[in-house]
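Student: I would like to learn how to read the helix packing in a model. Where do we begin?

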Amino acid sequence: MLVHHLSSTTETTWLAVGGYGPGSGRFGANVAALIALIGVAVAVLARTRFRHTAGERGAALLAQAIGLTGMILAVWHVARSAAGFGTGNGRAGALVAAAIALTALILAAWTLARPHAPDRADLER
C-alpha cells in the first residue's frame, strides 16, 4: 500500500507501507525470484514432459532465456542496493533469486546436452 506524504518543501514523496510496495527494496528481489522460479518450472517441464519430442529443445531454450533474465535482474538488484543484509532492501532475497536462476540455467543446459532419440524417419532408412 502506498501512502502519499507531503513534506514541508514542495517535493512530494511516496512511502511504501508494509514493506512490500513498488517503492520498497524487496520488490525488485521478489520480481527476480518470481521470474527465476518460472524459469525453473519451464526447465523441469522441458526435462520431463517434453522428453524426446520436438518441444524439448524449444522449452529448454525458453527456460534458459527466462533464467538469464532472472539472473540479470537479481544481479542488478544486488549491485544497486546500498545497505547490507537485514536492512530490508532485498539484498539477501536477490541473492536467493540468483541461486534459483542459476538452477534454471543448469537444468536447461542439462536438458540441451542430453542425447536425443532418433526420429522415426531416421529409423525407417
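Tutor: Begin with contact, which means heavy atoms within 4.5 Å. Among contacts in this protein between residues at least 6 apart in sequence, 60% join residues at least 24 apart.

Student: What should I know about the model itself?
Tutor: This is a predicted model, in which local features need pLDDT of at least 70, side-chain atom pairs count only at pLDDT 80 or more, and totals for chains, interfaces and linings use all residues. Residues are numbered from 1 along each chain as its sequence is written, and side-chain values use heavy atoms, with hydrogens and water left out.

Student: What is the mean pLDDT of the protein?
Tutor: pLDDT is the predictor's confidence in each residue, from 0 to 100. Here the mean is 75, and 65% of the residues reach 70 or more. Over residues 15-21 the pLDDT is below 50. Beyond near neighbours in sequence, that stretch has 17 contacts in the model.

Student: How many helices and strands are there in the protein?
Tutor: Both are DSSP runs, numbered from the N terminus: helices are H or I with at least four residues, strands are E with at least two. This protein has four helices and two strands. From the N terminus on, the order is β-β-α-α-α-α.

Student: How are two packed helices described?
Tutor: By the angle between their axes and the distance between the axes. Axes are lines fitted to C-alpha atoms, for helices over the stretch in contact, and angles run from 0 to 180 degrees between N-to-C directions. Take helix α1 (residues 26-48) and helix α2 (residues 55-80): their axes come within 8 Å and cross at roughly 160°.

Student: Which word describes the direction of α1 relative to α2?
Tutor: Angles under 35 degrees count as roughly parallel, over 145 as roughly antiparallel, 65 to 115 as roughly perpendicular and the rest as oblique. So α1 is roughly antiparallel to α2.

Student: Is the crossing of α1 and α2 left-handed or right-handed?
Tutor: A crossing is left-handed if the near helix is turned anticlockwise from the far one by less than a right angle, and right-handed if clockwise. α1 passes α2 in a left-handed crossing. On the α1 side, the contact residues include G28, A29, V31, A32 and I35. On the α2 side, they include E56, A59, A60, L62 and H77.

Student: How do the residues of that contact divide by class?
Tutor: Ala, Val, Leu, Ile, Met, Phe, Trp, Tyr, Cys and Pro count as nonpolar, Asp, Glu, Lys and Arg as charged, and the others, Gly among them, as polar. The contact of α1 with α2 has 16 nonpolar, six polar and one charged.

Student: At what angle do α2 and α3 cross?
Tutor: Their axes come within 8 Å and cross at roughly 160°. α2 and α3 are therefore roughly antiparallel to each other. Their crossing is left-handed. By class, this contact has 18 nonpolar, five polar and three charged residues.

Student: Are α1 and α3 roughly parallel or roughly antiparallel?
Tutor: Their axes come within 8 Å and cross at roughly 20°, so α1 and α3 are roughly parallel to each other. α1 passes α3 in a left-handed crossing. Among the contact residues are A29, A32 and A43 of α1, and G93, A94 and T111 of α3. By class, the contact of α1 with α3 has 17 nonpolar, four polar and one charged residues.

Student: Is T111 buried or exposed?
Tutor: Buried means under 20% relative accessible area, exposed over 50%, and partly exposed in between (1.4 Å probe, protein chains only). T111 is in helix α3 (residues 91-113). T111 is buried, with a relative accessible area of 0%. Not counting residues up to four places away in sequence, T111 touches A43, A46, R47, E56 and A60. Of the 125 residues of the protein, 29% count as buried.

Student: Which residues does H77 touch?
Tutor: H77 sits in helix α2 and counts as buried, at 4% relative accessibility. Not counting residues up to four places away in sequence, H77 touches G25, G28, A29, N89, G90, R91 and A94.

Student: Is A79 buried or exposed?
Tutor: A79 lies in helix α2 and is exposed, with a relative accessible area of 64%. A79 and A94 are 15 residues apart in sequence and 9.8 Å apart in space, C-alpha to C-alpha.

Student: What about N30?
Tutor: N30 is in helix α1 and is partly exposed, with a relative accessible area of 42%. The C-alpha atoms of N30 and V96 are separated by 9.7 Å, at 66 residues apart along the chain.
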